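The sequence and structure come first.

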Amino acid sequence: MSALNRVPSLMARAGTASALTLAAVGGSIVVPGAAGEAAAATLGTKALKVAASKKGAPYAWGATGPNRFDCSGLTLYSFKKAGKKLPRTAAQQYNKTRHISKSSRKAGDLVFFHSGSYVYHVGIYAGKNKIWHAPKTGDVVRLQKIWTNSVWYGRVK
């Protein structure tokens, strides 16, 4: 029997296993809080891929896909395909996210554009100061550099 196959029986007999024992036999350790962050990263990554797959889809006010989108319709659709339901508007989506700093942002987080306290646009952060979004009437879903500092960041929980 290999060491890896013995882990469950070793742990059952001992009741617990040290980190060094688990590492030696190829086990893993659960770190409190890490699973939530990992799940959020996976969710955001999936949503980002969905949004990118809609490159070139036309903007249509009020549209939520699958062939036309407005800004919050694209984020709603992308996260729904990734397994998470979001509210309809950019402002409602902002209120449902965990607010994070610019330095904490990761690919898959939402980027909210605001004027004062009014949230008027949303996109999905793609890294390198760029977002996937549905910009405006006459435009299409595309990757674009963030053009202002008047943004807030949110992580879908």
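## Overall architecture

The model is predicted. The chain holds five helices and six strands, and along the sequence these follow the pattern α-α-α-α-α-β-β-β-β-β-β.

Of the 157 residues in the chain, 39% are buried. The accessible surface of the chain is about 9,000 Å², with 57% of that belonging to carbon and sulfur atoms. Among contacts with a separation of 6 or more, 51% are between residues 24 or more positions apart.

## Nonpolar cores

The largest nonpolar core consists of 25 residues. Phe-69, Phe-79, Leu-110, Ile-124 and Val-141 have the most contacts inside this core. Two or more residues each are supplied by helices H3 (34–53), H4 (71–82) and H5 (90–95), and by strands S2 (110–115) and S3 (118–127). A second, separate core has eight residues, among them Ile-100, Tyr-125, Ile-131 and Tyr-153.

Phe-79 shows how parts of the chain that are apart in sequence come into contact. Leaving aside residues up to four places away in sequence, Phe-79 touches Leu-43, Gly-44, Ala-47, Lys-84, Leu-86, Gly-108, Leu-110, Ile-124 and Val-156. Leu-110 and Ile-124, both in that list, are also among the residues with the most contacts inside the largest core.

## Helix H4

Helix H4 is mostly covered, with 10 of its 12 residues buried. The buried residues are Cys-71, Ser-72, Gly-73, Leu-74, Thr-75, Leu-76, Tyr-77, Ser-78, Phe-79 and Ala-82.

## His-121 in strand S3

His-121 is found in strand S3. Is His-121 buried or exposed? Its relative accessibility is 6%, and the cut-off for buried is under 20%, so His-121 counts as buried.

The side chains of His-121 and His-133 are joined by a polar contact of 2.7 Å. Not counting residues up to four places away in sequence, His-121 touches Cys-71, Ala-90, Val-111, Phe-112, Phe-113, His-133, Ala-134, Pro-135 and Trp-147. One of these, Cys-71, is itself a buried residue of H4.

Methods
Residues numbered from 1 in each chain as written. Predicted model: local features only at pLDDT ≥ 70, side-chain atom pairs only at ≥ 80, totals over all residues. Heavy atoms only, no water. Core = buried A, V, L, I, M, F, W, Y, C linked by side-chain atoms within 4.5 Å. Buried < 20%, exposed > 50% of the residue type's maximum accessible area, 1.4 Å probe, protein only. Helix = DSSP H or I, 4+ residues; strand = E, 2+ residues; numbered from the N terminus. Contact = heavy atoms within 4.5 Å. Polar contact = N/O pair within 3.5 Å; in protein donor to acceptor, adjacent residues only side chain to side chain. Areas by Shrake-Rupley, 256 points an atom, 1.4 Å probe, with all protein chains shown as cover.
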